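I open this notebook to record what I looked up in one protein model. The entries take salt bridges, a helix and confidence in turn.

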Amino acid sequence: MTVLETNRASGPSVEHPAAGASAGAGPLIVGIGGTVRSGSSTERAVRAVLAASAAAGARTLLLGADALQLPLYAPGESLRTPAARQLTEAVALADGLVIGTPAYHGGVSGLVKNALDYLEDLREDERPYLHGRAVGCVVTARGTQAASALAGLRSVVHALRGWPTPLGVTVNTENVTVAPDGSTGDPRLTAQLAIVGRQVVEFARMRTSAG
């Protein structure tokens, strides 16, 4: 399974991953996160969660470093770049999300928070903001400040009417490395990332079956 990057010229590309599954059959799980550097530890951790979602039968879409480099969100400004439209359109279609951020000085990074601020454009949507969707939260940090950033990220998700999954994951990059394919040298961390990916899909399916 390969999580596909976005293509700004043609819009989001979605993988239909599960062998034997019909195209479009699984819930769409959108991953948002990273730094300005493509392939960052945060982006890799989000990939790992999305891989677990795909293994559970979901379609996945990653909005990583390039897709998140947006103009500073300005309330009342209606002009949107292609990347900003791509972000909000993908979230509007999503059945669940995975959001990853590095912990900068104990909080959510400006890059990720700015992207989430653009979800204000969905306020009049049939499903406004993140309404009715599970959101897996992942935070990376070099040290122990990830815990406070995870609490902050969960708070933002709540404010956007999303449902943080029961498990949120913090990654201390001083002690563990996340490989480009999302694997880690820590079995416990690998298992936690996988659990988050499955929880997002399970919630999305429960919501669908409940109508």
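I looked up Glu120 and Arg123, whose side chains meet in a salt bridge at 3.9 Å, N to O (a side-chain nitrogen of Lys or Arg within 4 Å of a carboxyl oxygen of Asp or Glu). The model is a predicted one, in which local features need pLDDT of at least 70, side-chain atom pairs count only at pLDDT 80 or more, and totals for chains, interfaces and linings use all residues. Residues are numbered from 1 along each chain as its sequence is written, and side-chain values use heavy atoms, with hydrogens and water left out.

I find Glu120 partly exposed at 27% relative accessibility and Arg123 partly exposed at 42% (buried is under 20% relative accessible area, exposed over 50%, partly exposed in between, with a 1.4 Å probe and protein chains only).

I count three salt bridges in the structure. Arg80 pairs with Asp121, the closest N and O atoms being 2.5 Å apart. Arg80 lies in the loop between strand E2 and helix H2, and Asp121 in the loop between helix H3 and strand E5, so the pair ties together parts 41 residues apart in sequence (helices, H or I, of at least four residues and strands, E, of at least two are DSSP runs, numbered from the N terminus). Arg80 is buried at 14%, whereas Asp121 is partly exposed at 30%.

I then examined helix H1, residues 41-55. Eleven of its 15 residues are buried, so H1 is largely enclosed by the rest of the structure.

I noted a mean pLDDT of 89 for the protein chain (the predictor's confidence in each residue, from 0 to 100).

Key:
Expected span 1.5 Å × (residues − 1).
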